[in-house]
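User: Got a new chain on screen. Can you walk me through it?

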Amino acid sequence: MFDCFGAGQRITGETFGGRDWRSAPELAEDMFALLPVVRQLHELMWLLTEALKLDEARRLHPKLRAALDETDAVAGRSPAELRKLDVSPYRMKVVPILRRASEMARSGHRGPDHSGGRLIGRRMRGADLRGASFRGALLIGADLRGADLRRADFTGADLRGADLRGANLDGAIFLTASQLRSALTDAVHREDPQ
């Protein structure tokens with residue numbers, strides 16, 4: 001499931017002054033070329049906004065707000081500047097503070113570290129996974145029915161076909177609406193971040 005985190009709207013509404021690829025087909029190539037760049041920046045903005053909701057990371061809030069403001073300013077640059085932007089180094093400046101916020105939020109329930117794990121089809125039904133890290137994990141088709149996933153970090157986790165029915169996702173960290181849409185769940189989906 002693709003989620004642009006509002007990048008498409010920003011490109012048409014702000015970057016190109018309200019023009020879209022249909023009304024200005026000569027700009028279509030430029031607009032589509034900028035979408036991956038602005039999308040990554042908007043994803044970072046979404047993550048930073050979510051981190052600001054973590055009470056346990058309160059002492060990091062000034063740094064998170066500063067990173068959010070800076071990322072918003074970068075995303076608002078001109079098309080020429082955005083075309084030249086390499087998002088990877090910029091992302092690497094922001095990721096450590098997001099990780100720290102996650103660690104602080106999960107400190108009360110330090111679950112297993114499955115960061116980057118290949119957990120495809122793994123059976124974890126009913127497991128106590130409070131505070132676990134699933135950052136970048138492949139959870140495709142994993143059975144997490146009834147698992148306790150409170151305060152688990154799902155940054156970049158692939159949840160396609162993961163069975164989350166009956167799982168406790170209260171306070172899950174960095175879990176996007178598109179991740180939930182790609183999973184099997186009986187939970188009420190969170191509001192779309194767009």
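Predicted model: local features only at pLDDT ≥ 70, side-chain atom pairs only at ≥ 80, totals over all residues.

User: Fine. What is the secondary structure of the chain?

Analyst: Six helices and zero strands. Read along the sequence, the pattern is α-α-α-α-α-α.

User: What percentage of the residues is buried?

Analyst: Buried residues account for 49% of the 194 in the chain.

User: And how many of the contacts join residues at least 24 apart?

Analyst: 37%, counting contacts between residues at least 6 apart in sequence.

User: Let's do packing. How do helix 3 and helix 5 cross?

Analyst: Helix 3 covers residues 61–75 and helix 5 covers residues 87–106. Their axes come within 11 Å and cross at roughly 150 degrees. The cut-off for roughly antiparallel is over 145 degrees, so helix 3 is roughly antiparallel to helix 5. The crossing is left-handed.

User: Which residues make the contact?

Analyst: From helix 3, Lys 63, Leu 64, Ala 67, Glu 70, Thr 71 and Val 74. From helix 5, Tyr 90, Lys 93, Val 94, Ile 97, Leu 98 and Ala 101.

User: How does that split by class?

Analyst: Eight nonpolar, one polar and three charged residues.

User: Now the largest nonpolar core. How many residues, and which have the most contacts inside it?

Analyst: The core has 37 residues. Leu 41, Leu 48, Leu 64 and Leu 98 have the most contacts inside it. Helix 1 (7–15), helix 2 (28–51), helix 3 and helix 5 each give two or more residues to this core.

User: Which helix gives the largest share?

Analyst: Helix 2, with 11 residues.

User: Take Leu 48. What is Leu 48 in contact with?

Analyst: Leaving aside neighbours within four places in sequence, Leu 48 contacts Leu 64, Ala 67, Leu 68, Thr 71, Val 94, Ile 97 and Leu 98.

User: Where does Phe 174 lie, and is it buried or exposed?

Analyst: Phe 174 lies in the loop between helix 5 and helix 6. Its relative accessibility is 3%, so Phe 174 counts as buried.

User: What about Arg 151?

Analyst: Arg 151 has a positive phi too, about 60 degrees, and is not a glycine. Its place is in the loop between helix 5 and helix 6 (177–182). Arg 151 has 18% relative accessibility, so it counts as buried.

User: Last one, Arg 125. Buried or exposed?

Analyst: Exposed, with a relative accessible area of 56%. Arg 125 is found in the loop between helix 5 and helix 6.

User: What does Arg 125 contact?

Analyst: Asp 143 and Arg 145, leaving aside neighbours within four places in sequence. C-alpha to C-alpha, Arg 125 and Ala 142 are 8.8 Å apart in space, and 17 residues apart in sequence.

Key. Residues numbered from 1 in each chain as written. Heavy atoms only, no water. Axes fitted to C-alpha atoms, helices over the stretch in contact; angles between N-to-C directions. Helix = DSSP H or I, 4+ residues; strand = E, 2+ residues; numbered from the N terminus. Parallel < 35°, antiparallel > 145°, perpendicular 65-115°, else oblique. Left-handed = near helix turned anticlockwise from the far one by under 90°. Contact = heavy atoms within 4.5 Å. Nonpolar A, V, L, I, M, F, W, Y, C, P; charged D, E, K, R; others polar. Core = buried A, V, L, I, M, F, W, Y, C linked by side-chain atoms within 4.5 Å. Buried < 20%, exposed > 50% of the residue type's maximum accessible area, 1.4 Å probe, protein only.
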